[in-house]
Amino acid sequence: MSKKSAKLEYEPKSAWEVYSSKKDIKAMDAMADRYVEFLSRCKTERLVMDFVRAKVDAAGFVDDLAAPLAYRFNRNKTCFLARKGRRSLSQGFRLVGAHGDCPRLDLKQRPLYEDTDICLAKTHYYGGIRKYQWLTIPLALHGTVVRKSGEVVTVCIGEDPADPVFTITDLLPHLAYKEMEKKVADAFDAEKLNLIMGQSPAAKAGKDDEAIKEPAKRKVLELLNARYGIDEADFFSAEMQAVPAGPARFVGLDASIIGGYGQDDRSSVFCALEAMLAEPDPEYAQIVLFWDKEEIGSEGATGANSRFFENCMEELVEAWEPGARLSSVLSGGSALSADVSAALDPDHKDVYEPLNAARLGHGPCFNKFTGHRGKVGANDAHPDFIGWLRRILDDAGIPWHMSELGKVDVGGGGTVAKFLAVYGMDVIDVGVPVLSMHSPFELSAKADIYACTLAFREFLKQ
């Protein structure tokens, strides 16, 4: 190519322009429908794992890490999927890791109380939320209760149109003059994020019986007991989550945007699962990991900072390639830390640096680094790995772009990338751009969901 004809400038491609054929639009719309159904069904990490298990069971995966199609679930919150490649593990593997947990409101272990004749439930928020976004919206209650007998009870109230929903009150503007003068951080008290559970009183057993001390609370407990057979003490051994009620929806007259709760990071779970199931004959071994607890630091037995991945890999190496060194296998891997990034918001451009901001509708965005203020807490991907990714995606005609999470010193965030990088493997963050991230109603472009899935497929089959 002559110097005159060489393209020196760079502008990210629009995924809408790349995928404008009737064939692509049909495939994109079908995938968007599946994604909306997935978001609507999978409101908790346990429900995500139920969805994943059903899909991989149908695809022939088994709970045996010696098998060529293998899985291992951990407490129904984390899972490890593996498919054998044509090459040995010691020659490398391709890994995509995402997390299935999302910001929400957890019920406290002793949540129920009565005040001004109303039964309420106390909550403790999980992950980074803007508290005011959770007020005066319909909320559903999902949970797992383990009774003393060991019986497991699944709770779901508020998703069926026939169900009641829950909500948190907010102060009317007529009485909120002092509140409006406060900083946002001070105006919304976490201890006031209390769910309205009910207001009608329980009936006395007989007219001569003593009055019930907290009749509205008693009525709520009676209803829970009638529906699920649980009592107040069962909350001690329960995980109960309040999440936005109702299905995900298409947004905009052209239905080009998908709105719904939990797209950070269930969009990456969906794309990674679709990609793996669509690439059944890879050159290198495929590994897909779905973790829990990312939103609170990836700690605990189900987070990326646990030994779950390492233990699964040790068992996989022993079965697939006896005699190989685990450390050598791990350091030979290539990984995508699948996580969303903040899309450039037209109403809040001041916190973004436009040249390096993620753009809705331009395909998956790669973040060379995350962290905050001087890249603290970041994995900083190596240029050799990025160069290889550029080549395979460009050769496949998949739109993608680079981004960072806001202006320097404005904020930042973390992902699971650093927990994979510790093994010496190449890893970079990649995912779809999202507007209103961590809100009860996040937005993504269906063209980005489609392009991200194709990018994961290309990576996993290389």
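Biologist: Which residues of α10 are buried?
Modeller: The buried residues of α10 are Phe385, Ile386, Leu389, Ile392 and Leu393, where buried means under 20% relative accessible area, exposed over 50% and partly exposed in between, with a 1.4 Å probe and protein chains only. This is a predicted model, in which local features need pLDDT of at least 70 and side-chain atom pairs pLDDT 80 or more, while totals for chains, interfaces and linings use all residues. Residues are numbered from 1 along each chain as its sequence is written, and side-chain values use heavy atoms, without hydrogens and water.

Biologist: What covers the buried residues of α10?
Modeller: The cover, by contact of heavy atoms within 4.5 Å, includes the strands β13 (334–338), β15 (365–367), β17 (401–403) and β19 (426–431), together with α12 (446–461). Helices (H or I, at least four residues) and strands (E, at least two) are DSSP runs, numbered from the N terminus.

Biologist: What follows α10?
Modeller: Gly397 follows α10, and its phi is positive, near 70°.

Biologist: Changing topic, in what order do the strands of the open sheet with β21 run?
Modeller: The order is β10-β11-β21, three strands with antiparallel pairing, which requires at least two DSSP bridges between two strands. At the edges, β10 (249–251) and β21 (442–445) each pair on one side only.

Biologist: How many bridges join β10 and β11?
Modeller: β10 pairs with β11 (residues 257–260) over three bridges, and Phe250 has Ile258 in β11 as its bridge partner.
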